[in-house]
Amino acid sequence: MPSASPSPAWGGTEAEAAALLGWLTDPEAPRLCLVTGAPGSGKTALLGWLAAYGPRSGRSRRRTPRVLVPLAGQSALGAAWTIADRLGVVARSPGDLVHALATSEPRPAGGAVLLLADLHAAAEPAALTRLIAELAGVGRIRLVVEARSDTPAPAVLRAERRIAVVDLDGGPESADGARAEPAPPLPDLSDPAAVCAADPLLVTTAYVTGAALAGVPGTLDGPEPSARPGEGAVDEHGGLRTAWMRAGQSLCREQAPSDRALVLLAALGDGADPRLRPALADLAEAAPWRVRWARHRGDLTPPWPGPVTVLGAAGGPLEGTLLVGDPTGTVRLLHEADASPAGRLAHTVPGRITALAPAPDGTVLLLDDRGRLHAVRGTAPRPPYLERLTEAVSATLARHPGTALAAIAGSVVVGDRLGSVHAFGLTGLHQSAAHSGRVTAVAAVESEAPFVCSGGADGSVRLWTPGSTARPEPLAERSSPVVSLHATETPHGPLVAAAWADGLVELHRPEGGPTLSFRPGPPVRAVAVTGAGSLLVGTDESLVCLAPRS
């Protein structure tokens, strides 16, 4: 048995450490353990010890991940973003966090232990106490919460649900009885440089609670009121607060100020103070991307195209056109240069569209939510052999529904729920058992050596040339399902864009070169790559176009 003796730096007792470890290993114990006591009783130090404690070296037993999140000075929103990021999910609000953890599959298998320190010192202790009570109902996680016994949180948590308690009331200990550090100064919330360089959780709390610097004008003080409700007003700091709230989970990650400026610039609405955009662009000069354009809910010039569920970048007769599908099944056409409207795709597919694939001849293939194929013909007549190929694939999917779709000249590629990828071509059918579990996305590239890439619920992105064996090593792999995938040939070689359920987007060069990444903040629904090499990222309320700097 490993020793339960506390670290000498803690100064507590072995009984308290053993009680906490006993709760942690008891499958019948409540999901929430409250560590309470008087100021200076060693509560914070006990959580720090538990975060570092593990079996003796040489033991192979796997330890459940433990995530320590300090709550001092935090808002409920900032804490939700921090917890979501640490647990590999995306959440726009505390409610989203609870839903995401309750519905997502933990990877790797197993749960996690959240160690939440200093609840009594939070900026919004009551809201955080409610969030903690809801998180305790999620089966995949356990929570250890530190709160002083002379604050309301212990009584509220006891009233909400069954909990375990480790009470450290006793003589003061130096570990958490030292004089508290003074709060860091609040940054100027209207100054993009100050906001990007400051502690992001402090900025979040200030924006949430409406804190402001008394008597200190903002760098961008006094903008004209915006016609857009909620932007341009004094408390919106010229639109900077709106952008921060839109991209918050990404902004609260550890990163350089230039990367934070890039995310903020990509999240900035068209009603923001016009001085913010060039200021953020200058701050983002060192970031690996530049923002070509961004369209957000509420934008008017040009208008926001609506929530994104599927994306496509067309070639052939539709060269320079983007296809953007929404949750209602409508597919809008946009000009790639600036996302201005270019009409709608004339189709009669009922229900939701889960994938679309523009073919080189101008035909657009659609996959509905039942896994069946539909074809929307373009203006040019199709060769008879392509008609026969599409009809054959459609007949196959009527019997065996597909889960993902792509198309190149003379081939239609389909993924299925069992992890296989099927390439239907003029020379026959080729198949690859690429994934463990459902195939969530496929893409095909027409190049000197055509290839297929596929993404799955197993988190991997794999490359395969039909007719040959799939590459044994994945192009990319994460502990989160792939949600979208797109690939195309560009003047600089093929590019592959992939998005995962944890909010990360990556741009890969299969022939070699650096991988670029981007996190917009909200959950990513779809990605695409244009023929010029730009990256498109679609969410429920934004469509962003980024270009690599090199």
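A nonpolar core, as I use the term in these notes, is a set of buried Ala, Val, Leu, Ile, Met, Phe, Trp, Tyr and Cys residues joined through side-chain atoms within 4.5 Å.

**Entry 1: the cores**

The largest nonpolar core has 45 residues. I listed the members with the most contacts inside this core: Tyr207, Trp244, Leu264, Leu280, Trp289 and Phe518. I then picked Trp244 and looked up its partners beyond four places in sequence. Trp244 touches Trp81, Val195, Pro200, Val203, Thr204, Tyr207, Leu251, Arg260 and Leu264. Two of these partners, Tyr207 and Leu264, also stand on my list of core members with the most contacts. There is a second, separate core as well, with 36 residues, and Leu34, Ile83, Ala112 and Ile141 are among them.

**Entry 2: helix α4**

Next I went to helix α4, which runs over residues 94–103. Which of its residues are buried? I found Leu97, Val98, Ala100 and Leu101. These four sit on the same side of α4, because they cover an arc of only 165° around the axis. A reminder to myself: an α-helix has 3.6 residues a turn, so residues three or four places apart point the same way. On the face turned away from the buried side I noted the exposed residues His99, Ala102 and Thr103. What do the buried residues of α4 pack against? Their partners are α3 (76–87), α5 (125–135) and β4 (141–148).

**Entry 3: two spots I checked by hand**

Ala117 belongs to strand β3, residues 112–117. Is Ala117 buried or exposed? Its relative accessible area is 4%, so Ala117 is buried, the cut-off being under 20%. Beyond its neighbours within four places in sequence, I found Ala117 in contact with Leu47, Leu68, Val69, Pro70, Leu71, Ala72 and Glu146. I also took the distance from Ala117 to Val35: 82 residues apart in sequence, they are 9.3 Å apart in space, C-alpha to C-alpha.

Pro192 is in helix α8, residues 192–197. With 5% relative accessibility, Pro192 counts as buried. Pro192 and Leu283 are 91 residues apart in sequence, and I get 8.4 Å between their C-alpha atoms.

**Entry 4: cysteines**

I searched the whole structure for disulfides and found zero. Two cysteines went into my notes anyway. Cys252 is buried at a relative accessible area of 16%, and Cys453 is buried at 0%.

**Entry 5: the whole chain**

I counted 13 helices and 28 strands in the protein chain. Of its 550 residues, 54% count as buried. Among contacts between residues at least 6 apart in sequence, 57% join residues at least 24 apart. The chain exposes about 23,500 Å², and carbon and sulfur atoms supply 53% of that area.

I finished with the confidence values. The mean pLDDT of the chain is 84, and 87% of its residues reach 70 or more. Where does pLDDT stay under 50? One such stretch is residues 1–10, for which the model has 30 contacts beyond four places in sequence. Another is residues 212–234, with 41 such contacts. Where pLDDT is low, the predicted coordinates should not be read in detail. I have marked both stretches in my notebook copy with that in mind.

How values were computed:
Residues are numbered from 1 along each chain as its sequence is written. This is a predicted model: local features need pLDDT of at least 70, side-chain atom pairs count only at pLDDT 80 or more; totals for chains, interfaces and linings use all residues. Side-chain values use heavy atoms; hydrogens and water are left out. Buried means under 20% relative accessible area, exposed over 50%, partly exposed in between (1.4 Å probe, protein chains only). Contact means heavy atoms within 4.5 Å. Helices (H or I, at least four residues) and strands (E, at least two) are DSSP runs, numbered from the N terminus. The arc is that of the directions from the helix axis to the C-beta atoms. Accessible areas come from the Shrake-Rupley method with a 1.4 Å probe; for residues, only the protein chains shown count as cover. A disulfide is a pair of cysteine sulfur atoms within 2.5 Å. pLDDT is the predictor's confidence in each residue, from 0 to 100.
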